[in-house]
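Please read them with the structure open beside you.

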Amino acid sequence: MIHPWPRRSPWFRPSGGRPRPIRELLLVAVLFGAYKLGRVLADGRVAEAFDNAHGIWDLERSLRLPSELDVQQALLHNDVLVHAANSYYAYAHFPATAAFLLWIYLRRPAYYRWIRWVLVTLTAAGLVLHLFLPLAPPRMLTGTGLIDTGAIFGPAVYGAPQTDTLANQYAAMPSLHIGWAIILATGLIVSTRDRWRWWWIAHPVITVAVVVATANHYWLDGIVVGALLAVVLLVIRPPVTVRLPVTVPTAPAGPRPVSVSTGRGSRAAPVASPEPDRPLAAPRPPAPLG
């Protein structure tokens with residue numbers, strides 16, 4: 001029998017039980033409000049966001065990372081792949097994460113609090129970095145050869161940056177698309193025991209290829225969020241899986257032979273076998289009187 005047991009951490013101690021849904025909805029509302037605040041604070045830092053973007057692009061070339069342009073050019077050879085990549089970027093991020101949280105809340109409540117705090121901590125760290133390092137995505141850079149595949153081929157996620165009031169388009173570093181995808185795959189691999197669970201690694205792998213090919217993120221956006229998530233997972237540890245012993249009922253034992261103590265130890269006393277029936281002797285006639 002497998003039982004998840006909370007692992008103690010010096011900074012975090014998860015508690016058992018399923019939290020109340022109202023409190024979880026309030027937490028989501030707070031995170032959304034923080035994201036909106038970051039969008040408002042980034043409005044007046046557009047020039048800084050583009051300066052940082054050119055710096056990131058030059059840093060990647062000095063580190064000899066693969067060019068995002070080469071990945072996008074490979075995608076543009078097939079219209080079906082372009083539409084599939086744009087659709088994956090537009091429709092897989094929030095719905096997949098929401099479905100994952102709902103599933104683990106209902107089916108794996110012992111792991112839900114751990115996943116919840118990992119997601120909240122990584123998102124909060126990402127929002128702080130968005131405020132300190134505004135960064136224009138590669139699709140906005142001119143002179144690189146990259147294009148906005150969503151705006152040209154569709155479906156498009158963002159509108160014009162000047163009129164978009166829903167998303168902070170200058171928050172490319174780190175990529176929460178990649179971070180949330182890694183959390184989803186990690187949570188499903190840790191909380192399940194199916195042999196096919198390792199296929200969930202395909203989700204973050206596809207996400208990395210999609211966000212780079214559609215020119216929404218740089219390679220370094222994914223590297224930074226991976227490093228942040230590694231630190232978060234070291235601090236917020238998952239529940240430990242404990243295998244409890246399984247008791248098997250046994251049949252009651254029969255009567256045991258009586259042991260006889262001897263000089264050489266104890267051994268079972270031999271049981272005498274019953275003798276076979278013998279014929280009764282005929283009565284002897286009385287002696288004659290003389």
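1. Ground rules. This is a predicted model, in which local features need pLDDT of at least 70, side-chain atom pairs count only at pLDDT 80 or more, and totals for chains, interfaces and linings use all residues. Residues are numbered from 1 along each chain as its sequence is written, and side-chain values use heavy atoms, with hydrogens and water left out.

2. The largest pocket. Its volume is about 1,200 Å³. Of its 42 lining residues, Phe32, His93, Phe94, Thr97 and Trp180 are the closest to the centre. A pocket here is an open set of points on a 1 Å grid over the protein atoms alone, where a 1.4 Å probe fits and protein lies on both sides within 12 Å along at least five of seven lines; lining residues have an atom within 4 Å of a point. The volume is the space filled by probe spheres set on the points, which are joined across faces, edges and corners.

3. What builds the lining. Two or more residues come from each of α1 (21-41), α4 (79-91), α5 (93-107), α6 (109-132) and α8 (176-191). Helix α1 gives the largest share, 8 residues. Helices are DSSP runs (H or I, at least four residues), numbered from the N terminus. By class, the lining has 28 nonpolar, 10 polar and 4 charged residues. Nonpolar means Ala, Val, Leu, Ile, Met, Phe, Trp, Tyr, Cys and Pro; charged means Asp, Glu, Lys and Arg; the others, Gly among them, are polar.

4. The α5/α6 pair. These helices pack at an angle of about 145°, with axes 6 Å apart. Axes are lines fitted to C-alpha atoms over the stretch in contact, and angles run from 0 to 180 degrees between N-to-C directions. The crossing is left-handed, that is, the near helix is turned anticlockwise from the far one by less than a right angle. Helix α5 brings Thr97, Phe100, Leu101, Ile104, Tyr105, Leu106 and Arg107 to the contact, and α6 brings Pro109, Tyr111, Tyr112, Ile115 and Leu119. Contact means heavy atoms within 4.5 Å. The class count is 10 nonpolar, 1 polar and 1 charged.

5. Two cis peptide bonds. Most peptide bonds are trans. The bond from glycine 154 to proline 155 is cis, with omega near -5°. So is the bond from methionine 173 to proline 174, with omega near -5°. Proline 155 sits in the loop between α7 (149-153) and α8, and proline 174 also lies in the loop between α7 and α8.

6. Leucine 127. This residue belongs to helix α6. Its relative accessible area is 12%, so leucine 127 is buried. Buried means under 20% relative accessible area, exposed over 50%, and partly exposed in between (1.4 Å probe, protein chains only).

7. Positive phi. Arginine 64 has phi near 60°. It is in the loop between α2 (46-62) and α3 (68-75) and is exposed, at 76% relative accessibility. Alanine 215 has phi near 65°. Alanine 215 lies in the loop between α9 (202-213) and α10 (219-235) and is buried, at 0%.

8. Serine 67. Is serine 67 buried or exposed? At 17% relative accessibility, serine 67 counts as buried. Its place is in the loop between α2 and α3. Leaving aside neighbours within four places in sequence, serine 67 contacts Trp57, Arg61 and Trp219.
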